[in-house]
Amino acid sequence: VKSDDTEHLRNRIRELEVRLEETEGTLRAIGGGEVDAVVVSRSGVDSVNTLKGADEAYRLLVQQMSEGAATVTLDGLVLYANEQLSAMLGVPLEQVIGARLHDYVEGRSADALSAILERDASRGEVPLLHSSGRTVPAHLSARRFRMDSAECFCIVVTDLTQQKRQNEIAASERLASLAKFPSENPNPVLSLGKDGSILYANQAGRVLIGEKDAAAADSVPEVLRSLAETALVDRTATSADVQLEGQTWSFFVAPILNSGYVNLYGRDVTEQRRVEHAREAQLTRLTALTRISEQILAAATVEELLQQVVDSARELVDARIAVSGHGFESNQFRVGRVSHAEGLAPCPEAGLFNMERGGVYLPLIEGTPSIRLRAADLLAHPLWWGLPDGHAPLRGLLGARLVGAHSDVNGLIMVSDKREGEFTAEDESLLTQLAAVASLALQHLEARNDAVSEKNRLQAVVDSLPVGVAILDSQGGNIRSNDAFEELWGHPRPQPLEVGDYAKFKAWWEKSGNLVQPEEWASARALREGEAVVGQLMKIETFDGANRIVLNSAAPIRDAKGEIAGCVVAIQDITDLRRAEEALRRSERLYRAIGESIDYGVWVCEPDGRNVYASESFLKLVGLTQQQCSDFGWGDVLHPDDAERTVAAWIECVRTGGNWDVEHRYRGVDGKWHPILARGVPVRDEKGEILCWAGINLDISIRKSAEQAARDSEERLAFALETGKTGAWDLDLVDHTAYRSLEHDRIFGYPDLLPRWTFEMFLDHVLPEDRAMAEAKFLRALETGGDWAFECRIRRADGELRWIWGAGRHRRDASGAARRLAGIVQDITDRKLAEERIAGSYEQARQEIARRQEVEADLRRSNEDLSQFAFAISHDLRSPLNAVTSFARQLKEDYQKELGEQADTYLSYITGATDRMRRLITDLLAYSRLADDGGSEAASVNIDEALRSAELNLQERIRETGTAITHDPLPDVAANFTLLVQLFQNLLENAMKFRGEEAPRIHVSAERQNQDWVFCVSDNGIGIAQEHLDQIFRIFKRLHGDEFEGTGIGLAICKKIVERHGGRMWVESELGKGARFYFTLPVRVAVGGQPPVR
Amino acid sequence: MPLSNLCVLVVDDYEPLSYLKAILLRRAGAVVREAHNARDALRILQTERIDLALVDINLPDLSGKELREKMRADPATSAVPVIFTSASDRPTLLGPDDVFFQEPLDTAALFEAIDKMVQRG
């Protein structure tokens, strides 16, 4: 046995131990508090998300290994590699990462690599290609594991170059030993023939095969003969270990092909092999520990990890049973994961394990890192109380402490029942190391789980939020956002990397409508100012093109040092909320509108009477603000007479929780009292407690005035009935009761109201001869539903006979059916008597009128006759008069000389008399003509002109008398020109005729009085005595004797002319002071000359 | 003589005046025939040569105007000119072309009018 081999192995073990120590230290360092609990998700090349802490711990571990290590995807893409692998390949690390592992494998080995990567866990020799072109013998150990979201392989690459060289050295050494002379060789050397017979055996050889006959072929152990045979057949030398006589022999089998025999060189490698075995086993375990550490670190859950720990522990120390126990509390611990060999029944009492029965573990609990008991020691242990029935036997016990982050996983790993022999100190060391690694991994995993669960919880919360949430880095770049955020902004949304990129997000301030600048965003401000910015109200345009209204907020995230590491953004879509608010406002507006449409709106009052709300219409009426009204201002405008009653009613209303229904008056700003009917109901909360009263204010001024009017009319009616001596009655057609006024019964001769009254009682009072008529009218009214009225005679209770008048009508209910009869009755006896009297007088009057009309007609006729007579007579009188005149004139012409002077005188008297007679007749004729309709033509007459015409007719006489005639401006009137000329002519003549001493002065004036023109013809004549004033207009009335010529008919004609025009004429005068003749003419005179109606 | 050889018919129911008019006309040289009603007047007019008729408006059987109408209706008398007379004012029933003299007569004017109206040979 070469000491090199042993030395090499020893060195290797030391190396492994050092590495484990380093790993342990690293893990401890990680577990000691460096694990970052803040979750930062980061998108990797393949979107694998891992914890930063786990990543680093793993990286540290693999970086410290002497082996190459890499993480590759299922198809060989290198995600991560350590420096060792990089050195093995002679390629810079950064080139290795991202390359395919296949690129660094010899072409013919590619299949072997693929085969390894097809299985969950496998290993094999896969020569690698160094960048120098040299082949690097390598051993690959691959294990598939699952990271957060992807599967990959963790590969450990062992450089076999050294090992190969050592193997080569061993072979050359072996060859060298062969070169020694067999007889000198202390080791057995045998030469076997083709048939397996011993051709030669040295001393050691003979010892090996015993003292048997060398010739006996069957004395050669079968195994050696077989080796020899194979070598001859294969024609190649081989080497093999052979177990003989309890010893391990290593034989080099060299066929001597030419001679047809085989030389076998043996060497006792029993001890060497034992040591090698042991070392190799330990190496295997250490390798396994390393691998296990990797696996443990890759475990996703605590359960998985613990299972791996117990499985690994059993494997490491070659035991049949391994179990983990947790939670040392109240002398109990919980059985965790169990690993056992097939066919074994582990502890049937799963669950809690009583310490008192397992007192052997106490040292572990008390702090000893490990315990090791041999089988016999265990059974002899004072605290060993045996096993429950059915429990697999425990032979020996090995235990180590397991310390997790959480107390409930704290506990131990125990293994028992070693397959061969007792647990060794080495086993104890291995288990202790495993427990240490497991503890670290456990702590790490728990921390990671905490973080993960925290992260998941957070993520779940964030994702489920109806609010869009995004986590931004310190530059403002988007790290992560939830679904709501994605949904809100729509697609395709750009990924901002910094604040400047916010310009791509279109938003406007809700209030100003201005565009939101990138640096104005809540997130930008949170990052810049380090303070939360809450509730930015803005309108955004999403990347789907929709418009939304949002509330945007952001808060900074600080790292452990307090630096701003990023921020959280929350953006809430309030579009619908706004819409709802809008709807609410609209509905509020609606209610308000409804409220305002009620006369004086609606009101809400708290139980203490405080008005919470009053409609604008009420406030306007009383001139209060809502605030004033709420401050009990309504009390100030309440009518003083209503105040006490209202307050009492309110107290009662609050006490009983009843409805509010009160009429009261409020003083309006117009100073008037407004009657208002307030109605309301209590408003209750869900518990039934009264919160307030709410109601409406009705304007009852109209109703009030209607009531007043009804009262007034009732009073008027009562007054009318009373003063009119009218009785009223009202008969109910259903129960036949009849209401009557007192007057009603009095009419029928009763001093007081009778207890009852019926239609039959009424009929009894009616005289028999009128009864049928009265009843018929009443029944007919009943049948037709119409009104009725009648007059009849009654015999009163006191026996007096009276006339009454009755009338009535049906009174209908709301459905239109006749329910009542109502009527009045009146004593019309006096009226009847009066009517009879009047009827007599009327007949008299009628006869009188007829008589007078007859007289008038006679008068008119006689007037006409007279007029005609006057006309006729005036004409007929003229002819004889003419004859007299003419013959007198002829007599004078023919016989003047013969008759003498005296005859002349006589003749002149005759002609004078006839002239006068003729004038009289002419005037009479003129007057009589005015009686008929002669000269009735009316036209617009200029009075001035009429006066001038009259003057012209009288010019001779005016000149003779030296009369001065003046006049005011005179109007136009509708009149007969000729008649007016005659009027003025007569008046002028009259004035000139009755002149005084002075020359006559006549003045004509006109003055408007209402509808008349009043003309005045004044003179300076002799005037008229007072007693004669009313006589001068009479026909043929002459006041004076023969001193004044005239017929005495002129003024009568004047008066007649004026009256024909609808005017009046009169005179004012005093004797000696002139006279003023007044006459009026209507401003308008109806055509035809009839006087207008005055 | 202003009215020489003229034959004038005086129609007036009042005899004194008829007589007076006849005297005055005869003094002026005229031949005078007298009638006291319309019927007689028409008979004379139809049977004798009359140069002019002096007719009182008011006759017992017809008015002077009606008499004139009858004269106009008869070709034998239609050409005889007529002068109306009356004690009253000029009657309104006369037309503007009708010649009228109110009594007492202004003989000079009357003779002048007659002379003008009668177409001499």
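The exercises below, with worked solutions, concern a predicted model.

**Exercise 1. The interface of chain B and chain A**

Task: Describe the contact between chain B and chain A by its residues, its buried area and its polar pairs.

Solution. 

Step 1. Start with the residues. Chain B contributes 16 residues to the contact, and chain A contributes 14 residues.

Step 2. Turn to the area. The two chains bury about 1300 Å² between them, and 56% of this lies on carbon and sulfur atoms. On the side of chain B, the most area is lost to chain A by B:L20, B:A87 and B:P104, which together make up 37% of what that side buries.

Step 3. Look for charged pairs across the interface. The rule finds one salt bridge between chain B and chain A. A salt bridge joins the side chains of A:D894 and B:R27, with a distance of 2.4 Å from N to O.

Step 4. Count the polar contacts. Two residue pairs between chain B and chain A are in polar contact, both at pLDDT 80 or more.

Step 5. Assign the side of chain B to its elements. Helix α1 (residues 15-27) of chain B supplies the largest share of the side that touches chain A, namely six residues. By class, the residues of that side are nine nonpolar, four polar and three charged.

**Exercise 2. A sheet of six strands in chain A**

Task: Give the strand order of the six-stranded open sheet in chain A, then follow its pairings.

Solution. 

Step 1. Write the order. The strands of this open sheet run β20-β19-β24-β23-β22-β21 in chain A, with antiparallel pairing.

Step 2. Find the edges. In chain A, β20 (478-481) and β21 (506-509) each have a single partner strand, so one side of each has no neighbour in the sheet. From one strand to the next, the twist averages 35°.

Step 3. Three bridges hold β20(A) to strand β19 (residues 468-473) of chain A in the antiparallel sense. Here A:L472 is opposite A:N478 in β20(A).

Step 4. Strand β22 (residues 533-541) of chain A is joined to β21(A) by four bridges, and the two run antiparallel. A:W509 faces A:M538 of β22(A) as its opposite residue.

Step 5. The antiparallel pairing of β22(A) with strand β23 (residues 547-558) of chain A has seven bridges, and A:V533 is placed opposite A:A554 in β23(A). The hairpin of β22(A) and β23(A) has five residues between its strands, and A:G545 in this hairpin has a positive phi near 90°.

**Exercise 3. Backbone exceptions**

Task: Where do A:P492, B:P104 and A:D318 lie, and what marks the backbone there?

Solution. 

Step 1. Recall the background: most residues other than glycine have a negative phi, and most peptide bonds are trans.

Step 2. A:H491 and A:P492 are joined by a cis peptide bond with omega about -5°. A:P492 is in the loop between α14 (483-489) and β21 of chain A.

Step 3. Another cis peptide bond links B:E103 and B:P104, with omega about 0°. The loop that holds B:P104 lies between β5 (99-102) and α4 (107-117) of chain B.

Step 4. A:D318 is not a glycine, yet has a positive phi of about 60°. A:D318 is located in the loop between α10 (302-317) and β13 (319-329) of chain A.

Key: Residues numbered from 1 in each chain as written. Chains lettered and ligands numbered in written order. Predicted model: local features only at pLDDT ≥ 70, side-chain atom pairs only at ≥ 80, totals over all residues. Heavy atoms only, no water. Contact = heavy atoms within 4.5 Å. Buried area = accessible area lost by both parts, 1.4 Å probe. Salt bridge = Lys/Arg side-chain N within 4 Å of Asp/Glu carboxyl O. Polar contact = N/O pair within 3.5 Å; in protein donor to acceptor, adjacent residues only side chain to side chain. Nonpolar A, V, L, I, M, F, W, Y, C, P; charged D, E, K, R; others polar. Pairing = 2+ DSSP bridges. Axes fitted to C-alpha atoms, helices over the stretch in contact; angles between N-to-C directions.
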